[in-house]
Structure formats: C-alpha cells, structure tokens
Amino acid sequence: MTNIGYPISEIVGEVTRECVMTRTRRIARVITNLYDSYLRPHGINAPQFSLLVMVAKMGSASRAEIGRANRQERSTLTRNLALLLEQGWVEEVVSAGGRSRPIIISETGKALLEQAVPSWRTAQEKARQLLGQESIGTLLRMENNLAQTESSA
C-alpha cells in the first residue's frame, strides 16, 4: 500500500498535532478515569453509571431506544446492559403480549444512584476544575449542537 508520496513522519506529525478524534478520545479517557476512581467504591464505573442514569431518565425504554439516546452501538449497549441486569440495577419488564421487554431502573439501581451521587458530585467538581468553566461551556454547546444536527438529519 502506498502513502501517496507523504513521508510517514509527516503523516504521524500531522495526526498527532491535529487529529480531533485522537484528542477527544484522550480527553474522554482522562475524564472517565477520574469518574471511575470516585465511583469505584460503589461497585460501578463511569459508563455504567451514565447508562443507569439514562435508563432512570427514560423511565421505561427498549434496548434500541436506550442505544439511540446514549449514542451506543448495539453490541456495546448489550454488553453494558448485561452487567446492569446481572447486578439487579435495571430490570427487563415482560409486557402483556410478551413481545417487548422494556428496561427500567430497579429499586436496587435507585438506591445505588442515591449512594453514589455524592461521589459523582466530587468527581464532577474535580472535572470542572481540571477542564475549566470555559471548556465545560464549550463542551455543553458542542454536545447540544451535535444532538440538534443528529435530530435534523
């Protein structure tokens, strides 16, 4: 395979200096690790906590609806939901017809959220300090813009 005449060092330099994906993934890992460290004593990690909150917000939703709302592909959602189901933090409700199986937060999941929220708030404050208020505002605007763009597509 050819690199169309560009030296590898030039390609690597360009990507390491300018790649939006690389930078956003690195920032996401740092922030996720921060939240993980505060949520770990509660037996839950940051992605699981986020998903649990999403399920609680939605009230009762299908896997597909949760995946769309959380912007997750099916395999990732299935893997993450499996642990929440296994821990009893969420439940599948069998409908009268038996065809749909909406997911809801369980009483155990609600109790976990209540117990973990002080740790989440501490992580939230640390993240705000780390990123700074201006960056937080930019992130929120970016996420809102992405959501609007996706809904109009």
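How many nonpolar, polar and charged residues does the lining of the largest pocket have? The lining has 19 nonpolar, ten polar and six charged residues. Ala, Val, Leu, Ile, Met, Phe, Trp, Tyr, Cys and Pro count as nonpolar, Asp, Glu, Lys and Arg as charged, and the others, Gly among them, as polar. The model is predicted: local features need pLDDT of at least 70, side-chain atom pairs count only at pLDDT 80 or more, and totals for chains, interfaces and linings use all residues. Residues are numbered from 1 along each chain as its sequence is written, and side-chain values use heavy atoms, without hydrogens or water.

The largest pocket holds about 2,000 Å³ of space. Among its 35 lining residues, Ala 28, Ile 31, Thr 32, Ser 50 and Glu 143 are the closest to its centre. At least two lining residues come from each of α2, α3, α4, α6 and α7 (133–152). A pocket is an open set of points on a 1 Å grid over the protein atoms alone, where a 1.4 Å probe fits, with protein on both sides within 12 Å along at least five of seven lines; lining residues have an atom within 4 Å of a point. Volume is the space filled by probe spheres set on the points, which are joined across faces, edges and corners. Helices (H or I, at least four residues) and strands (E, at least two) are DSSP runs, numbered from the N terminus.

Helix α4 spans residues 63–70, and its buried residues are Ile 66, Gly 67 and Asn 70. These residues lie on the same side of α4, because they cover an arc of only 100 degrees around the axis. The arc is taken from the directions from the helix axis to the C-beta atoms. Buried means under 20% relative accessible area, exposed over 50%, and partly exposed in between (1.4 Å probe, protein chains only). The cover over the buried residues of α4 includes α3 (46–58), α5 (74–87) and β2 (103–105); contact means heavy atoms within 4.5 Å.

Arg 71 sits in the loop between α4 and α5. Its phi is positive, near 55 degrees. Most residues other than glycine have a negative phi. Arg 71 is partly exposed, at 42% relative accessibility.

Pro 102 lies in the loop between β1 (90–92) and β2. Pro 102 is buried, with a relative accessible area of 17%. Beyond its neighbours within four places in sequence, Pro 102 contacts Ser 60, Ala 61, Glu 91, Glu 92 and Val 93.
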